[in-house]
Every structure is written in structure tokens, then in C-alpha cells.
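Good morning, and thank you for coming.

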Amino acid sequence: MKTFEKSNSFYKVFERKGGPAKEATHYCPGCGHGNVHKMIAESLEELDLTKRSVFVSPVGCSVFGYYYFDCGNFQAAHGRAPAVGTAVKRTNPDAIVISYQGDGDLAAIGTAETIHAANRGENITVFFVNNAIYGMTGGQMAPTTMIGQRSATTPLGRKEDIHGNPIRMCEMLATLPAPTYIERVAIGNSKHIMKARKAIKKALRIQAEGKGYSFVEIVSACPTGWKMDPVAARDWLIDDMLKVFPLGVFKDESDNQDEDAWKRHFEAFDKAKVDVYLDRMKSAVGDIEPTVLPGDLNCKFAGFGGQGILTLGLFLSQIGMRGGHHVSWFPAYGPEMRGGTANCSVNLSSDRIGTPLVDHPNVLVVMNQPSLDMFEKDVVDGGTIIIDSTVVEGNADAKRLNVVAIPASDIADEVGTPKVANVVILGALVAATDAFTPEFCESTLRAIIKKKSLIDMNMEAFRRGYDFVKKA
Amino acid sequence: MTEKTALDVPFMEVNPELCKGCQLCLAVCPKSVIAISDKLNSASYHPAFYTGADCTGCGLCFYACPEPGAIRVIKP
């Protein structure tokens, strides 16, 4: 007995849709997305891949994929599904990663991600639903809109000399050496649909066998966007769209029997190798020596570009890393390498950090006047503010805050160069907060300062800043 | 519904609440055994229904239908 019915790879009930029909999709009558969903679900079930699968939903009508597929689900920012899929695949090599995208998502805003994921031959499967229009946003022109086709933004029809030609993604991607399998199919007549089923299943099988990047474009109807009834839409698809988007296999190297050809897909995504890389980054700050923080540090460092504000933040973060703490460093700066304004937010915590942003610092460093004016009010009551008094003329509210005014640039100049003013400040900060011992900071700085000839000068700068505060 | 499987003939069935009345199943049915109801379902669509005889169980309507759960076809 043969039964054609709803695949078990779907959820039994689709929570998205309220009302009486809780098992119905949110798609319009006659929309091709439902057909493609059914074929993917059926293939996953037949290949026994459902429980290993991660479905990456795009932005567009199919944004709610996670309400339908009973597998792992992500929802990516617009156009970024192949990049998100790359991360999922590389960190979970056993996952079957499905990047499901429409024409606006894949061929407009996400063109770069699409091309580069294909060019890297990521071992993921991309399903590209091409309906020649922006459906969700109300029927605007898409990159794949046909010449002469009317849309909300081409009311007189798309014109080659004004809007360019419909983009053929299969043909473009097939020029790249890395992809394994590229085919265009359609949700047209029954013959087309049966071919589409085969292609979708084949693409998933190729991924499961570790054979690299597979891409299936599905030409599909959007009756609502095209302003046609569903049957007329499917006829238009067959009669007109397939002339511009011919069906067929554009690339297929999946029959290559040479196992070496597929090896890189396993080796490149090896978790152990990523761990080695991360360990190397960790060892750059020296071996972890757990320290105790007196409390979380939420710091804002601000000044002119070129004063070493961002580097100050990096140094403190690296000292925190070596102390075994959770750290974040978040820079904000203008396009100027020198002379513009710059600030960074640094968090050091014994607990996980939710956001790298610091709106209300408990430690503020200001190395120019505008930064004092801008950020002083944001510091929490009882917080510490460290001012380079060589550069900043004003002073902070000492009743509310613990104010440390240190002529850091003058001290740095005495040490040898005003460029180490940031390290003088670092010494003052460590002294004012008692976050670390000076010896711990000095040994970390020795490990992370790349130019060894500058180490002594930095050591002196740090110690002068530290002593200035401790002896005050 | 399921007692029909006891009959030794193929049949298709439509869940009238999930059908959106797009009529794509009518368009692909080689035997023209699907029709559209005069009645509205609770989502205000005229759902398709099986006229009751001559279904071959080919499944083409199932794949033409965009709704995952609207059509079921049994071929004994």
C-alpha cells in the first residue's frame, strides 16, 4: 500500500497560524513554498536526516520555516543564511544544513554570501525559491523579475535599459570550480514537480555523503504578487518564466568516485583544528592564572584617535583573559586613524557577559575634554573616573565620583614618549580599582607587547601610573 | 475517514479546513475526479473534494497541493 500524506518531518500543529486551521501554513493559496516545503520534508524523512538537520530560514515569505520543520532551526538576518549555515556546519559537521532562500534574500541582499559560500564549496544545501518578485513586501521588482513584468516598482514593466536583466543564479554559480551540484527545477506541471522532488533529495544526499555544496533553484509561482489565480500563475510560469530560466543540471560532480576529492570537506571543518587555533590565541596572553576580581569592571575609555584608547582596552581585556575572567572589548571610532574621536567599552566579569556595550560605566577613562563632557554623567554613583590632567582642563564631580586626575601624558613624556600615556593610565586604573596585582599585569604585558624593545618603557610607564595613585 | 482503507480501491481525501481552494489539484488530476465545494470552510475558501470514484492513487494531486496536510492519497 502506498500512502501520500503529510511528512513526519513537519510539526503536527503549525503554531504560527491561529484560527480554525492550526495545521495550515501561513502561505497564500497556490504558493510554491508549500510544495517545496513538502518535498524537503519528504526527502529528509526518506533519507532519515530529519533529526540531524538544521533549517536556516531567510527573510521573506518563508521566514517562518521554523514553525514547520521539526528539526533544528535558525532564522538568519536578511541574505545571510549561507554564512549562518557555514558556521552551523563547521561547528557541527554532522548537521545537515539547509539554507532556504527566496530571490530577494539570495540574489539581492545576500548575493555576496551566496557567491562566497558556493565558492568555498561549503558542504551545505541551498534551496533557492525563485518567484520573480518580492512577495512578502508587496510585489516589488526582484533581481529575477522578467523583462516586461509589472511589479509595484516597475508599473510599466521591467525594462532592460533601466532595471537590468533578470539574474540567472544557477548559470553564474556554475562558473565556480567548487560547487558540486547545481540544478534548476520548477513547480510547474506534474512532470516538473517530480523532477524537483528528485533534485531536492539528491542535493540533500550529496551533503549527507560529504560531497560539498549543492544548490537547487526552484522556479515557483507567487499568485498574489503576480495578481493571477493559482492555475493561471502556474501556466505563466511554464509558458514564460521557463524561457528565461531554463531547467536543467548546470553542474554535477557528485559521481566523482575519487574519495580524495571530497576529503577537504571533512578536514577543513575539523573541530579539533579550530580548538588548536583558539588555544593558540589563548596562549598569546600566557598561561591562565586565575585571579579574583573585587567586582565586575564595566569600563568606558574615551579620547582622541592615536592616544592608544583602543589599545588600552585590549590590554585590560587580555589581562582579564589571563586572569581567567569573561571579557569583552567593543571599539567605536571614526574613519580617521589619527585625530578623530575614539572610545571603547570593556567588560571584565566572573560571570558570562550579556552585551559588550557599556552605557553606564563604573570606570571611565577620559583622555580629552569632549569625552569628559560627554561621558561623565553616564558613570554610576561612586564610580571611578580617571582623567589625563595633562590634556583635560576641566574636573569631574568629586562628591559623586572617585576622581583620579593624573598627568599621564607628562609622565609618559618623561618615560620616553607620550605614546605610552595609555599604559600610565592602565597603571592608575589597576591601582584605583585593585582589580589585579601590578606584578600580574606586568607579566601579562610582557607576553602581549609585540615589539620587545618597547617592553621596558611600557613597564616603567605602568609602574609610574600605579605608584602615582597608590602614593597619592 | 480511515475505514475507507478497508475498501480495496485507491482514493484521495481533502481536509476541507486546510484546503485554500487554489484548484491546482483539479488542474493536475488525470481523471478529473476532484471538484470544488459550493460551501465555504471556516477560513472562507471553497475547498476541493473527491467526487467519490475513479481515483487511481497516482498522487499527483498530493504533490501539486502546496498545503502539507490538506490532501491524503491512499493506493492499496
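This is a predicted model: local features need pLDDT of at least 70, side-chain atom pairs count only at pLDDT 80 or more; totals for chains, interfaces and linings use all residues.

The contact between the two chains takes 27 residues from chain B and 28 residues from chain A. On the side of chain B that touches chain A, the elements giving two or more residues are α1 (24–28), α2 (60–64) and β4 (71–75) of chain B. By class, this side of chain B has 16 nonpolar, six polar and five charged residues.

Strand β1 (residues 2–4) of chain A is joined to β4(B) by three bridges, and the two strands run antiparallel. Within this pairing, A:K2 stands opposite B:K75.

Let me turn to the sheets of chain A. In which order do the seven strands of the open sheet stand? The order is β3-β2-β4-β5-β7-β6-β8 (chain A), with mixed pairing. At the edges stand β3 (72–75) and β8 (248–252) of chain A; each has a single partner strand, so one side of each is left without a neighbour in the sheet. On average, and with direction ignored, neighbouring strands of this sheet are turned by 15° against each other.

Inside this sheet, strand β4 (residues 96–102) of chain A and strand β5 (residues 125–130) of chain A run parallel and are joined by five bridges. There, A:S99 stands opposite A:V126 in β5(A).

Two helices may be described together with this sheet. Helix α2 (residues 81–91) of chain A lies across β2 (53–57), β3, β4 and β5 of chain A, and runs at about 175° to β4(A). Helix α7 (residues 190–208) of chain A lies across β4, β5, β6 (181–186) and β7 (214–219) of chain A, and its angle to β6(A) is about 155°.

As for B:C25, not counting residues up to four places away in sequence, B:C25 touches B:I34, B:A48, B:C61, B:A64, B:C65 and B:I71.

The bridge partner of A:K300 in β12(A) is A:L364.

I would now like to consider helix α14 (residues 408–415) of chain A. Which of its residues are buried? They are A:A408, A:S409, A:I411, A:A412 and A:V415. These residues cover an arc of only 160° around the axis, which puts them on the same side of α14(A). As a general point, an α-helix has 3.6 residues a turn, so residues three or four places apart point the same way. The cover over the buried residues of α14(A) includes β13 (384–388), β14 (402–406), α15 (421–433) and α17 (455–470) of chain A. Just after α14(A), A:G416 takes a positive phi of about 155°.

A:D48 has a positive phi of about 55° although it is not a glycine. A:D48 lies in the loop between α1 (32–46) and β2 of chain A. Is A:D48 buried or exposed? A:D48 is exposed, because 9 other C-beta atoms lie within 10 Å, and a residue counts as exposed at 12 or fewer.

In chain B, phi of B:D54 is near 80°, which is also a positive value in a residue other than glycine. B:D54 is found in the loop between β3 (48–50) and α2 of chain B. With 14 C-beta neighbours inside 10 Å, B:D54 counts as partly exposed.

Definitions and conventions:
Residues are numbered from 1 along each chain as its sequence is written. Chains are lettered from A and ligands numbered from 1 in the order in which they are written. Two residues are in contact if their C-beta atoms, placed from the backbone, lie within 7 Å. Helices (H or I, at least four residues) and strands (E, at least two) are DSSP runs, numbered from the N terminus. Ala, Val, Leu, Ile, Met, Phe, Trp, Tyr, Cys and Pro count as nonpolar, Asp, Glu, Lys and Arg as charged, and the others, Gly among them, as polar. Two strands pair if DSSP finds at least two bridges between them. A residue is buried if 20 or more other C-beta atoms lie within 10 Å of its own, exposed if 12 or fewer, and partly exposed in between; C-beta atoms are placed from the backbone. The arc is that of the directions from the helix axis to the C-beta atoms. Axes are lines fitted to C-alpha atoms, for helices over the stretch in contact, and angles run from 0 to 180 degrees between N-to-C directions.
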